[in-house]
Structures are given as structure tokens and as C-alpha cells.
Amino acid sequence: MLKINNIDVYYGAIHALKDVSITVNQGEIVTLIGSNGAGKSTLLKTLSGLLKPKNGEIVFLGKTITGISAQSIVSEGLIHCPEGRRVFANMSVEENLELGAYIRKDKEIKADIGKVYERFPRLLERRNQQSGTLSGGEQQMLAIGRALMARPKLLLLDEPSMGLAPLLVQEIFAIIEEINCLGTTVLLVEQNANQALKIAHRAYVLETGKIALTGDAKELAGSEEVKKSYLGGH
């Protein structure tokens, strides 16, 4: 579904991603783990067209999308739910959801808003409330709901559990699994490696801009190297 072939990405003189290659197959949850500054968010920004790779190729559903505009990438069905939630604070919950569907021309937008409310009942209760007044967990639900309104073929999730209480973290990860079971492929960037490896099919470990390890998520969760570096084990 998605093939990233040998990409290099720079921030000015800083070589942020070095010869990175990743594959995401239809129907998978693939997680990308690594420490702060490893390049995880940089990779998602590159996939969504916010950054341009200096070298390499990105192929999505058989089509090369390297260097095309962010809006064109959204139109292809590759949808980015960014780190830090980024809801439109002065707009209502429902207006945020409507914005998620801005590229759509079909007549099922209202029905899809209803599906978001079924999945996130708290958003229904707050549908007319300004998004900036929501709790962190509610804003994360809104960010995911808004991304789903674009009907993603591949959903890029950047640190969905950041700053959330443990109970809410469990809820968000259960929702990611549910979204995947209903047919959406997910590429998940997450610092909570324990939780990410529990729900993912495959995983990549990124270290200082390079892929250090890759494999089955359950096997990586049992790896001594991964335990020591990312799971708090010894």
C-alpha cells in the first residue's frame, strides 16, 4: 500500500532522515517507535507533503507521490492526524468535523459525523462547544474524528497518547484497533512503545534518523535490545 524507498530529509543542514525505507501493507497497523528527536514526526510530515525529501521515493497505492502538494496527498486518501491535536480552538466540535470532510463532494458527510459521535459519545455531548475548551483527551478524540471524516485509506497518527491520563491512553489505543478492524490501515508514531507494540502488526525502530530494527511487533516487544532502550526493561 505504502512504500518509502531510501528517502533523505533535511532541515537546513541537519540530516533528519537517512536512507529510510518502510513498507505498510493494506490492513496493517505499523508502528514507528524511537526516542525524542529520532525523526518519527519528520517522517509523517514528509509523507503528508509538509516536507520534501531530498532523495528517494514515496509510492502510495502504486502511484509516486514524492514531492506533490499536501492537498493532493489528502485527495489520494493519505490523512495525517498531527502531534499535539491541532484542533481549531475557536470553532465548535461539529465545525471541526465538517472541516475534516472539506475535500469530499458526496452526500454522506452528515452520516459520517453521526458515526464519529457513535464512536466518541463525549463529542456528541459537546458538539456545539468551542474545541479549545475541551480536555486534552476530548481534543485527541476530535482530532482522530476529524481525520476519519476524510475517509482515509491510510491514517497517519502522530503521538495520539501524548499527555493523556493512563485510562484515556487505553481508550485511545482501543479506538485505533477498532478503526483498523473496520478497514483503515494505520501508520502509528508513538513514544509509548509498550502500548504501540501491543496493537501493531509490525514495527520499525528509528534511531537518529535511521531504521535500526524492524520486525513483527510482538517479537520486537520481546527483544532485549528494545526492552532495554524503549520499554523500561533491563
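Colleague: Which exposed residues does the face of H7 turned away from its buried side carry?

Modeller: Pro-166, Leu-167 and Cys-181. Bear in mind that this is a predicted model.

Colleague: And which residues of H7 are buried?

Modeller: Start with the general idea: an α-helix has 3.6 residues a turn, so residues three or four places apart point the same way. Here, the buried set is Leu-168, Val-169, Ile-172, Phe-173, Ile-175, Ile-176, Ile-179 and Asn-180. Their arc around the axis is only 155°, which puts them on the same side of H7.

Colleague: What span should the 16 residues of H7 have?

Modeller: Count 1.5 Å a residue, and helix H7 (residues 166–181) should span 22 Å; the C-alpha atoms at its ends are 23 Å apart, so the two agree. Just past H7 comes Gly-183, with a positive phi of about 115°.

Colleague: Now the strands. What is the order in the open sheet?

Modeller: Its 4 strands go E2-E1-E4-E5, and the pairing is antiparallel. E2 and E5 (63–64) are at the edges with a single partner strand each, so one side of each has no neighbour in the sheet.

Colleague: How many bridges join E1 to E2, and how many join E1 to E4?

Modeller: E1 (residues 2–11) and E2 (residues 14–24) share 7 bridges, with Tyr-11 opposite Ile-14.

Colleague: Which strands does H1 lie across?

Modeller: Helix H1 (residues 40–47) lies across E1, E2 and E4, at about 110° to E1.

Methods:
Residues are numbered from 1 along each chain as its sequence is written. This is a predicted model: local features need pLDDT of at least 70, side-chain atom pairs count only at pLDDT 80 or more; totals for chains, interfaces and linings use all residues. Side-chain values use heavy atoms; hydrogens and water are left out. Two strands pair if DSSP finds at least two bridges between them. Helices (H or I, at least four residues) and strands (E, at least two) are DSSP runs, numbered from the N terminus. The expected span of a helix is 1.5 Å times one less than its number of residues. Buried means under 20% relative accessible area, exposed over 50%, partly exposed in between (1.4 Å probe, protein chains only). The arc is that of the directions from the helix axis to the C-beta atoms. Contact means heavy atoms within 4.5 Å. Axes are lines fitted to C-alpha atoms, for helices over the stretch in contact, and angles run from 0 to 180 degrees between N-to-C directions.
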